[in-house]
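Trainee: I have a structure to go through and would like to know what stands behind the terms used for it.
Mentor: Then ask about each term as it comes up.

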Amino acid sequence: MKKNKAKKSSKMNGLPWILPAFIFVVGIIYYSIFYTFDLSTLNWNGLDPIQTKVGISNYTKVFSDWVFWKAITNTIVYFIVTFLVQNFLGFIFAAILHTKVKLATLHKCLIFIPTILAPATMAPVFRLLFSPQGLLQDIFNVFHLGITVDWLSKSNSALIILMMIAVWQFTGMSFILYYAAMSQIDKEMLEASHLDGAGNIRTLFNMVLPNCKGTIISLAMLGIIGALKTFDIPYLVTTGGPNHATEFLGTYIYRQGIRQSHLGYAAAISVVLLVLAICGALLINRMNKGEES
Amino acid sequence: MFEVRSLKNKVILQIILLLMTIPYAIPLVQMFLGSLGGTGFSNYKAVWDTGVVPTYFRNSLIITAGVIILVYIFSMTAGFGFAKLHIFGKEVFFWMILIALTLPEVIMLSPLFVTFQKMHMFNTFWAVILPSAALQLPFSILLARNFATGIPDELMEAARIDGANVRSMFWYIILPLTKPIASSIIVLTFINAWNSYLLPLLFLQSPSMQTVTLLPQYFQGEFTNDQTKILAAAVITAIPEIIVYLSMQKNFEKGMSAGALK
């Protein structure tokens, strides 16, 4: 019966409905991707009438470029740390705001506002905040702690600061998702757990956390994509420095392609990034399928 | 949902929450205090008197509106087509769009840089609108399709028996019933387009065409690193966004969470 109906409505031809969007997306994106492949075999600055074909030598250069590997390690470290911290905080915030606390809306807004503000707008604020002229330094001075806030100019601390900024920016996202997931948990199940004598914290980690598995996977996907896309904050706060300590693939592609006019080389890094992004998508798709079955 | 009964625990929880939230407020406090450094509120006057702020806002509005219109039209029609209509090789089309779901925009930097230069598209809004919309569409189409799939076939059948053609089904059934997902798509697109930085940085080099995300850089040149004025500009840029969020809080939260659900 149902099949029959589906068949009837499927007689209407849908091609004209999807074609405009399809041509638009495929036209722009596939054009860019194939053109990137083409550019990646050239030694070219993007303007010169002379282009030199260099085959795969841009790629061999990429894989022996220490800055590229630095960018890859930074991306991995950045993903793991921000994912863990952000999810922990978001989860705890969601649980606390599900109890009857005072001023819940105010807290919710404060956590969520960073997710909607443009990183480009906030970048000058962070440059000041983490400089000796900033608010943190003032606070440390009040307590005579003798700490100098110059972390952005030190290569061993700059990445940590960028990760803190990312956590500040995206906790609201994980908070909102955990909050929504927790609203859907069966209340009777929680009651039963309480009757069994389990305390709030045990219930939270033994009953609630496993129920948020889907949310964790979604956030992992957003985290991986986000880490691969990272550009605005490192570009604007540290310009990838000092000495490439906060270099990411995005900032390195920009540095090579636009700043130094090595367009072919930038295209080769872009191709590697593309492969990584597709691998990330496939990996998550698999995790998701494993979850369903 | 979780009950905390004793007063002592309630107070402890409230304090923990406060301590956890304070770090989230610090950058906002820094932004505001920093903008008042030196000459106080006249920093704002100095920023406003340059006369460029409305231009930057106008440009951001035009670009954001352009992206939203394209994404809305294309995602609604394609979502309907993929969910409800017969298309030969539908899965292939869908899969080809979905591949672009996780594409970082920086990948398009080299090819678009060359292409837009050849086509003299630098300093046009299209150079930002077209790639932004194309990058936003795969996910929006996925959302719209998933949502439209949930609309009962019986409804479409009944309309068809009443003599409705595909276009009126789209107009009178799909569009009204997909409003919730449409609002999520619009919110997500709005945030991404308004906050977009890389594409305007690359393609909008004339100050009269630039967007609010490039405002700090403009003032860096204008006030030769007078941080207070740059922060005053940041406050001016942030306030409208915060107001839009506060007045549409529910839509924003729903839209952002649609960003993660498949």
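Predicted model: local features only at pLDDT ≥ 70, side-chain atom pairs only at ≥ 80, totals over all residues.

Trainee: What makes chain A more spread out than a compact globule?
Mentor: Chain A has 14 helices and 2 strands. Its radius of gyration is 24 Å, whereas the globule rule gives 19 Å for 293 residues. The value is well over the rule, so chain A counts as more spread out than a compact globule. Along the principal axes, its C-alpha trace spans about 80 × 75 × 30 Å.

Trainee: What share of chain A is buried?
Mentor: Buried residues make up 45% of the 293 residues. As for contacts in chain A between residues at least 6 apart in sequence, 67% join residues at least 24 apart.

Trainee: Why is B:Ile185 called buried?
Mentor: The cut-off is 20 or more other C-beta atoms within 10 Å. B:Ile185 has 28 C-beta neighbours inside 10 Å, so it counts as buried. It lies in helix α9 of chain B, residues 179–195.

Trainee: Which residues does B:Ile185 touch, not counting those up to four places away in sequence?
Mentor: B:Val71, B:Tyr72, B:Ser75, B:Ser140, B:Leu143 and B:Ala144. B:Pro138 is 47 residues from B:Ile185 in sequence, and the two C-alpha atoms are 11 Å apart in space.

Trainee: How do you know that the buried residues of α11(B) line one face of the helix?
Mentor: The buried residues of this helix, which covers residues 215–222 of chain B, are B:Leu215, B:Pro216 and B:Phe219. Seen down the helix axis, they fall within an arc of 100 degrees, so they line one face.

Trainee: What covers those buried residues of α11(B)?
Mentor: The cover includes α6 (119–129) of chain A, along with α2 (42–49), α3 (53–84) and α12 (227–247) of chain B. Just after α11(B), B:Thr224 takes a positive phi of about 30 degrees.

Trainee: Which residues touch the most other members of the largest nonpolar core?
Mentor: Of its 164 residues, these are A:Val25, A:Ala94, A:Leu162, A:Tyr178, A:Ile269 and B:Leu109. Helix α8 of chain A, residues 158–183, supplies the largest share of this core, 18 residues. Leaving aside neighbours within four places in sequence, A:Ile269 is in contact with A:Val62, A:Phe68, A:Leu249, A:Tyr252, A:Ile253 and A:Gln256.

Trainee: Where does UniProt list "transmembrane region" in chain A?
Mentor: The unreviewed entry gives residues 12–33, 76–97, 109–130, 158–180 and 263–284. In the model, residues 12–33 of chain A are 86% helix and 0% strand, with end C-alpha atoms 33 Å apart. Residues 158–180 of chain A are 100% helix and 0% strand, and their end C-alpha atoms lie 34 Å apart.

Trainee: Where does UniProt place that feature in chain B?
Mentor: Its unreviewed entry has residues 12–36, 56–80, 92–113, 125–148, 169–194 and 230–248. Residues 12–36 of chain B are 96% helix and 0% strand, and the end C-alpha atoms lie 35 Å apart. For residues 230–248 of chain B, the values are 95% helix, 0% strand and 28 Å between the end C-alpha atoms.

Methods:
Residues numbered from 1 in each chain as written. Chains lettered and ligands numbered in written order. UniProt positions renumbered as here; feature names shortened; annotations may be inferred. Helix = DSSP H or I, 4+ residues; strand = E, 2+ residues; numbered from the N terminus. Buried ≥ 20, exposed ≤ 12 C-beta atoms within 10 Å, placed from the backbone. Arc of directions from axis to C-beta. Contact = placed C-beta atoms within 7 Å. Rg over C-alpha atoms; globule rule 2.2 N^0.38 Å. Core = buried A, V, L, I, M, F, W, Y, C linked by C-beta atoms within 7 Å.
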